[in-house]
Structures are given as C-alpha cells and as structure tokens.
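Hi everyone, thanks for making time this morning. I'd like to walk you through a protein chain, going from the overall picture to a couple of helix pairs. Have a look at it first.

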Amino acid sequence: MILNQNNAELVGVVMGDGYIYKNNKKYRIGFVGHPITDKDYFEYLKKLIKVEWNKDAKSKVRMGGLRMVISSKEVCDFLTEELKIPYGKGKSQKIVIPEAIISNWNLTRATIRGLFDTDGSVFAVKKPGVDKYPSIEMTTISKNLIEQLKFILVGRGFRVSKIWQFKSKLSKNIGYRFGLNGRENIRKWIEEIGFSNPYKLQRAKDYTN
C-alpha cells in the first residue's frame, strides 16, 4: 500500500475519531462522527476509502453517532505494522504522527488535516471590540501528540496557544488542548493545511470574512 497524501489524511482520521480492531482473525477500521454536521464529510471519506483502500464503506447512524466500518486485514496491517499506529484499549493515549509521515511536510499536513477534521473544532467567541474572534482548537488525550502538533505548527509559522489540560466528567482520562486564534491565523490554516470537512471549512471561512 502506497503512503501518499490521501492515505496520510486517512491516517489522521483514524488517529482522531477512528479506531482499529484486530482480534480473532477479525480486522476492522471504524470512524465515528456527528450524524448531522459530519454527514457530507463521511461521503467524502467513502470516496477516499474507495480510491485508496478499494473498499465500499457504508455509514449509518447508531447509538447517537454516525458510524462507518471497513473490514480489511491489508489496511489494518498497513496502519499497525508499517506505520506502527497503536490500536485497541489505550490507543488514544499513545497516538502520535508516525515517523514515516513526519519526515515529509506534504504527508504531515494531510495527516494534520485529518486530525483536525475529526478532533478539531472551529468556533468564535465575543471579545472586547470584536463580535466574533475565531479559533481552531485541537483536543486529545495524548500528551505526546498535542506536544508534537504544537512543535510542528509553530515551526511552520502558526501562532499556537499554550497547551492546557482538563478533566471531563464524561471521561476518566486527562485531556489536552491548544488553540490557533485570530483571523490571520485561520486564513493561514485554510491556505496551508485546510479542511476536508465541509462543515468546518465553511465555519472557518465565515469567521475570516
């Protein structure tokens, strides 16, 4: 399987709201999204999966989420054996961008795009003198990943906030978060990394106009 920009983007999606299951000769890759705001994005993912993984992915709303599952030993082995992506319990705390990707900026930004399309958020807050001050925020329970992402983005000239940790009532794990704030920062993001998630892309554009 070729490690190209499309595959690198799918790696980011798996790292974000995805999962890998390997057990008892069962091999599955799954994605979970919002049933409304991620509907168009999942259609995009289906096409990408067909092109790169040659799988006909189907999605359905189940347990309040939009869910998609692909069964493939080849893809599972590519992700876990070649790229060394952790899977199973504790995967989210161990995840980092693979070494095979990090050495190439075009692959890295595709993976970052996949991560932010899933685990990122785009919003605006009211500040003194500004009705809509835009932000892109990243949230993860992997401390190594959040530090890796900040190091990469600062190196590419983005203004990144400090990393702060938090504890959600819905999880036993400590979470980590940072933001990219301000219109110029968001414009730079759209130009250099972008969003494949139509909902998040449109929000980013609306906040920078």
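Before we count anything, a word on terms: helices here are DSSP runs of H or I with at least four residues, strands are runs of E with at least two, and both are numbered from the N terminus. Please also keep in mind that this is a predicted model.

With that in hand, the protein chain has nine helices and eight strands. How does its radius of gyration sit with that of a compact globule? For 209 residues, such a globule would come out near 17 Å, and the protein chain has 17 Å, so the two agree. Along the principal axes, the C-alpha trace spans about 60 × 35 × 30 Å. Buried residues account for 45% of the 209. And if you take contacts between residues at least 6 apart in sequence, 64% of them join residues at least 24 apart.

Now to the helix pairs. Two packed helices are described by the angle between their axes and the distance between those axes.

Let's start with α1, residues 5–17, and α2, residues 39–53: they pack at about 130°, with axes 10 Å apart. The crossing of α1 past α2 is left-handed. On the α1 side, the contact is made by N6, N7, E9, L10, V13 and V14, while α2 brings Y41, Y44, L45, L48, I49, E52 and W53. Sorted by class, that contact has nine nonpolar, two polar and two charged residues.

Which residues make the contact? From α8 they are R183, I186, R187 and I190, and from α9 they are L201, A204, K205, Y207 and T208. These divide into five nonpolar, one polar and three charged.

Last stop: P198, which lies in helix α9. Leaving aside neighbours within four places in sequence, P198 is in contact with D40 and Y41.

How values were computed
Residues are numbered from 1 along each chain as its sequence is written. This is a predicted model: local features need pLDDT of at least 70, side-chain atom pairs count only at pLDDT 80 or more; totals for chains, interfaces and linings use all residues. Side-chain values use heavy atoms; hydrogens and water are left out. Contact means heavy atoms within 4.5 Å. Ala, Val, Leu, Ile, Met, Phe, Trp, Tyr, Cys and Pro count as nonpolar, Asp, Glu, Lys and Arg as charged, and the others, Gly among them, as polar. The radius of gyration is taken over C-alpha atoms; the globule rule is 2.2 Å times the number of residues to the power 0.38. Buried means under 20% relative accessible area, exposed over 50%, partly exposed in between (1.4 Å probe, protein chains only). Axes are lines fitted to C-alpha atoms, for helices over the stretch in contact, and angles run from 0 to 180 degrees between N-to-C directions. A crossing is left-handed if the near helix is turned anticlockwise from the far one by less than a right angle, and right-handed if clockwise.
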